Amino acid sequence: MVLSVIFWGAAAWLVWVYVAYPVVVAIVARTRRAPDRPAMATPSLTVAIAVHQGESQIEARIRDVFAQEASGAQILEVLIGSDGSTDATDAIVERLARSEPRLRGMVFGRSGQTPTQEALFAAATGDVVVLTDAETRFAPGCLAAIANAFRDPSVGCATGKLVWLDVNGTAASASEGLYWRYELLVRELESRA
């Protein structure tokens, strides 16, 4: 009897998470009308990058962030939080910061990504803080689109669309792609709701 209750409870939970919840959100999204609100000015951005042992990625990542200005992003500052890096990450950031005053490196003892992000968030001075890592790359216009979302005063959080690039052609990346398509559909429905 107990095993039957556990089985059916778990099955019902899975149906709710993967089927019923997206259906309910889709219904709410179709029936709810967004209120009219006056647009605000485009906010300034702080891009905060938490990194550990990122010497092979950090320079390209910093250049990728500043390249977003070509598509309209207003980048106030880029903060790099080195989470106990013992490679050349800190030296690379320091070298780049000498020619870019909006770039600031912060060195921390090894504490993990979350505490490093919290410290970066506390140090940020932009209207909006974009948290990212050293391996991610932004598509042109990504940061401008994120900042534009905050022109609506009812928006408190925005996210980009994560796209996994399949470089190996493995079955794991194919199933990951299917999961991400599902996840992105649910996020889109939640946003409209």
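Here is a short tour, from the overall layout to a few side-chain pairs.

Keep in mind that you're looking at a predicted model. The protein has 193 residues, and 31% of them count as buried. Its secondary structure comes to six helices and four strands.

**The overall layout**

- Take the contacts in the protein with a separation of 6 or more: residues 24 or more positions apart account for 79% of them.
- The protein exposes about 12100 Å², and 60% of that area is supplied by carbon and sulfur atoms.

**A nonpolar patch on the surface**

- Leu-14, Val-15, Tyr-18, Val-19, Val-23, Ile-27 and Tyr-179 make up a nonpolar patch on the surface. Together they have about 670 Å² of accessible area.
- Which helix gives the most to this patch? That's helix α1, which spans residues 2-31 and puts in six residues.
- Val-23 is one of the patch residues, and you'll find Val-23 in helix α1.
- Val-23 has a relative accessible area of 45%, so it counts as partly exposed.

**Two helices side by side**

- Two packed helices are described by the angle between their axes and the distance between the axes.
- For helix α2 (residues 58-67) and helix α3 (residues 89-97), the angle is about 35° and the axes are 9 Å apart.
- The crossing of α2 and α3 is right-handed.
- On the α2 side, the contact is made by Ile-58, Glu-59, Ile-62 and Arg-63. On the α3 side, Thr-89, Ile-92, Val-93, Arg-95 and Leu-96 take part.

- How many salt bridges turn up in a search of the whole structure? The search finds eight.
- As a bit of background, side chains of opposite charge can pair when their charged atoms come close.
- Glu-59 and Arg-63 meet through their side chains in a salt bridge, at 2.7 Å from N to O. These two sit four residues apart in helix α2, so about one helical turn separates them.
- Glu-59 also forms a salt bridge with Arg-95, with the closest N and O atoms 2.8 Å apart. Glu-59 lies in helix α2 and Arg-95 in helix α3, so this pair ties together parts that are 36 residues apart in sequence.
- Buried or exposed, or something in between? Glu-59 counts as partly exposed at 24% relative accessibility, and Arg-95 is partly exposed too, at 38%.

- Asp-83 and Arg-110 meet in a salt bridge between their side chains, at 2.4 Å from N to O.
- Asp-83 belongs to strand β2 (residues 75-83), while Arg-110 is in the loop between β3 (103-108) and α4 (113-123). The two residues are 27 residues apart, so the pair links distant parts of the chain.
- Asp-83 counts as buried because its relative accessibility is 3%, under the 20% cut-off.
- Arg-110 is exposed, with a relative accessible area of 55%.

Terms used
Residues are numbered from 1 along each chain as its sequence is written. This is a predicted model: local features need pLDDT of at least 70, side-chain atom pairs count only at pLDDT 80 or more; totals for chains, interfaces and linings use all residues. Side-chain values use heavy atoms; hydrogens and water are left out. Patches are made of residues with over 30% relative accessible area and no salt bridge: like charges are joined within 9 Å, nonpolar side chains (Val, Leu, Ile, Met, Phe, Trp, Tyr) within 5 Å. Accessible areas come from the Shrake-Rupley method with a 1.4 Å probe; for residues, only the protein chains shown count as cover. A salt bridge is a side-chain nitrogen of Lys or Arg within 4 Å of a carboxyl oxygen of Asp or Glu. Buried means under 20% relative accessible area, exposed over 50%, partly exposed in between (1.4 Å probe, protein chains only). Axes are lines fitted to C-alpha atoms, for helices over the stretch in contact, and angles run from 0 to 180 degrees between N-to-C directions. A crossing is left-handed if the near helix is turned anticlockwise from the far one by less than a right angle, and right-handed if clockwise. Contact means heavy atoms within 4.5 Å.
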